[in-house]
Every structure is written in structure tokens, then in C-alpha cells.
Amino acid sequence: MAKKKILFITGQIMEPHGSALSAIDVLRSIPQAYQKYILTEYPIAKGNHLHGSVPLSFYPPALIFWPHPVAKRISGAFARLYSSIFFFWLRNFKFDLVIVNGYGTSSLWLKASKSIPASTASAVISRESPRHFDSGDCNHSLADQIQFLRSFDAHIFVSRILRDEWIALAALDVRRTHYLPNCCDEDKLLFIDRNCNSDSLIRSNYGIHADIPLILNVGTIELRKGQQDLECLAHHLRKRDLDFRIACVGYEATEQGSLFRQRIQSSLLYDFFIFPGATDQIYFWYQASTMLAFTSRAEAMPRTILEAMASDLPIVSTNVDGIPELIDHLKDGYLYCPGDTDELILGVEWIIDNPGKARNLGANARRKYLELFSQRLHALRMRKILNDVIIE
């Protein structure tokens with residue numbers, strides 16, 4: 001019996017950020033009983049990271065690099081020809097299901113959908129909060145997202161809270177919605193020994209003594225991610241005459257992100273902040289850190305928090321969107337309202353001043369991750385979704 005074919009359409013897949021890494025989780029969780037194909041706009045090589053998927057990379061090569069108007073027109077014409085040939089070729093594949101990985105993949109989906117019969121079952125994984133589209137950092141409107149969601153047969157939400165919000169906003173059929181919370185690449189994170197951070201490679205490289213609190217913030221540096229809260233936190237801790245470090249691990253996604261870094265580096269807080277950029281070795285930062293300070297204004301089911309939970313790291317986080325599904329206040333983390341820097345300060349100080357209770361928070365969070373959000377459960381949920389969507 002021939003395997004049913006699934007096409008997974010995603011944007012970046014190997015970049016060190018949440019949506020790209022979560023795409024790998026989806027490929028891992030689709031059973032080998034299906035023939036998997038992955039379509040991206042970036043060149044990808046075959047390898048274990050694709051979990052048996054066949055790459056279909058839509059990546060028009062640059063024909064001419066000379067910045068002359070004529071050369072640009074020739075190169076543009078070649079790219080359009082390449083696109084036409086590629087999507088004509090895509091018509092040869094008869095897929096049983098197409099899964100689109102979030103709104104960031106919408107432009108590629110619009111191109112590919114013209115080559116896919118309308119009778120093909122389609123599903124979208126919704127990873128965005130409604131607030132994401134009103135944050136000032138997004139180029140798309142809430143109306144655009146609602147129209148995008150309505151174009152699919154089935155909807156896969158990473159958060160129950162957001163599922164209910166989108167159902168109400170977009171008038172979606174609740175019978176066609178599914179729940180697939182994120183997981184993380186847990187293999188290394190679950191084996192972090194919190195007692196060994198004195199041997200940490202990160203602390204050694206940056207000259208941070210084991211007794212100095214290292215406050216970790218992971219994510220793109222932009223207005224929506226709320227790193228400006230950390231500036232207020234740093235001023236307060238400095239007034240306490242406390243030696244500490246705040247590491248903002250991620251790339252600067254917007255002009256506001258660049259301005260934030262420049263403002264910090266030209267201020268009295270310069271020595272207290274670290275800006276290492278994005279990394280695919282985030283495991284070392286979780287091992288070295290005292291806590292995660294997650295300051296985002298709009299999130300669905302942040303992979304960063306799941307990574308911290310799996311690594312036994314105490315968490316202080318905003319309480320937006322799907323985050324309360326992950327953290328119960330003062331049971332497995334500390335929650336505060338976004339922008340309430342006084343409450344953020346209380347949470348960070350509580351973890352610094354109560355190391356024993358902080359360790360309990362981390363242990364409880366790891367236990368919850370294993371019970372509710374592990375890779376094993378992700379695969380079981382994905383199998384059920386595929387059975388429901390394809391059989392229907």
C-alpha cells in the first residue's frame with residue numbers, strides 16, 4: 001500500500017529561533033508511515049534533521065550580481081521563469097495533506113497553492129497571538145491573519161487559550177480545530193545539572209563568577225519582546241550594589257532592537273549586559289544561567305520557556321497569551337503583567353534571595369514539561385491530528 005503524502009511548508013528551518021526549530025519538531029513527530037516532503041524558500045541539504053523528509057527547496061539562484069539596472073531586470077526575469085518552472089513541476093506531486101507552518105509562511109503558501117488541487121486537505125499551524133498583529137513590529141494586520149486562517153480546512157493551535165481567541169475572532173468551526181502545543185529539543189536540556197554551573201563554558205568565557213546571578217533573556221531583540229523591561233530591572237539591581245549580568249541572546253530583529261542595544265552600551269549599564277547574538281548552542285546558556293527572564297508582550301506557546309522548563313531553570317515571565325498554560329505562578333515559575341517592571345523586579349529578587357525555593361520552581365517546571373509537553377506527547381498528538389484530518 002502506497003504511503004500517504006504530506007507536504008510541510010515552512011519558512012526558515014535551521015535558524016536558531018522558535019518557529020524554525022518548531023518546524024523540526026513537526027517533522028520529527030510525523031510518523032514514518034507517511035511520505036514527508038518539506039517546501040521552503042531556503043536551500044536545505046538532506047540530513048538527519050529532516051527526519052526522513054524529501055526537501056523541495058524553492059530557492060531561485062541569483063543569475064547576475066552586477067548592480068546595473070539592465071542586469072537587475074535580467075536577473076528578475078530569470079527568477080520569475082525559475083518560479084514558473086518550479087511550481088509547474090510541483091503539480092506532478094499528488095499530496096494527501098498540506099501543512100503550513102504559521103503566518104510567516106503565508107507568501108510561500110500563496111505561491112504553492114496555485115499548483116495544488118483545491119481538493120487537497122490543508123491545515124495551518126497557528127503560532128501567533130492576536131496581539132502580535134497590533135504590536136507595532138508586524139507588517140500584517142489582524143484582518144490579514146483572519147483571512148489567512150479561514151483559507152484552510154483545519155487549524156492546529158499551539159495554545160488552547162489562543163485557540164479560543166481565534167475561534168471567536170475569525171468565526172472558525174471548532175470541530176476543525178486541533179491542539180498541538182510546542183515541545184523542544186529536550187535531549188541535552190533534560191540532563192543539565194544545575195549544580196555544575198561553576199564549570200560552565202559561558203561563565204568562563206565571559207568571566208562571570210559562579211556566585212554572580214546571570215539573568216537570561218532569549219529571543220529576537222524587538223519592541224514586542226519587551227527587553228526594555230530589563231533596563232529598569234538593571235537600574236534597580238545596580239542601586240542594590242549587586243553584581244549581576246543580563247544576557248540578551250538573540251538577533252536584533254528591528255530598528256527598536258538595535259536602538260535598545262546601543263542605548264545600553266552607551267550607558268552606565270554597559271558592564272552588566274551581554275549581547276552575544278543568536279546561537280544554536282543555547283544549551284550552554286541554560287546551563288550557566290541563574291534564571292530566565294521572559295519579557296515578551298505577545299506569545300503563543302514560547303519554545304524558550306519550554307526549554308527553560310526542561311533544563312530545570314527558574315523562570316520569571318510575563319503572563320500573556322498561552323504562557324499561563326505553561327506556568328502556574330509561584331508553583332513552577334513567577335508571572336508578572338507585561339510592562340509592570342516593579343513586579344518583574346520582585347520576581348527576579350525573589351529568585352536571587354531564595355535559592356532553595358527557586359530550585360523547587362525549576363524542578364516543578366521540569367516535571368510539568370515531561371508530563372504535558374514532551375516530544376513523546378507531541379508525536380502522539382500529531383498522529384491523532386493526521387488521522388482526523390486525512391481520514392475526514
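A cavity is a set of grid points where a 1.4 Å probe fits but cannot get out, and a volume is the space filled by probe spheres set on such points. In this predicted model, a search of the whole structure finds one cavity of 30 Å³ or more, and about 30 Å³ of space lies in the largest cavity.

**Cavity lining**
- The largest cavity is lined by Asn217, Val218, Gly219, Thr220, Lys225 and Gln227, together with Phe294, Thr295 and Ser296.
- By residue class, this lining of the largest cavity divides into six polar, two nonpolar and one charged.

**Aromatic pairs and cluster**
- Tyrosine 37 and phenylalanine 93 form an edge-to-face pair, with 5.4 Å from centre to centre and 70 degrees between the planes.
- Tyrosine 37 lies in strand 2 (residues 35–40), whereas phenylalanine 93 lies in the loop between helix 2 (69–90) and strand 4 (97–101), so the pair ties together parts that are 56 residues apart in sequence.
- Both partners are buried, tyrosine 37 with a relative accessible area of 10% and phenylalanine 93 at 16%.
- Phenylalanine 86 and phenylalanine 87 have ring centres 5.1 Å apart and planes at 85 degrees, so this pair is edge-to-face.
- Phenylalanine 86 counts as buried at 9% relative accessibility, and phenylalanine 87 is buried at 7%.
- One aromatic cluster is formed by Tyr37, Phe86, Phe87, Trp89, Phe93 and Phe95.

**Charge over a ring**
- Lysine 188 lies over the face of tyrosine 283, at 5.7 Å from the ring centre.

Terms used:
Residues numbered from 1 in each chain as written. Predicted model: local features only at pLDDT ≥ 70, side-chain atom pairs only at ≥ 80, totals over all residues. Heavy atoms only, no water. 1 Å grid on protein atoms, 1.4 Å probe; cavity = no way out; pocket = protein on both sides within 12 Å on 5 of 7 lines; lining within 4 Å. Nonpolar A, V, L, I, M, F, W, Y, C, P; charged D, E, K, R; others polar. Phe/Tyr/Trp six-rings, centres within 6.5 Å; stacked < 30°, edge-to-face > 60°. Helix = DSSP H or I, 4+ residues; strand = E, 2+ residues; numbered from the N terminus. Buried < 20%, exposed > 50% of the residue type's maximum accessible area, 1.4 Å probe, protein only. Lys NZ or Arg CZ within 6 Å of the ring centre and 35° of its normal.
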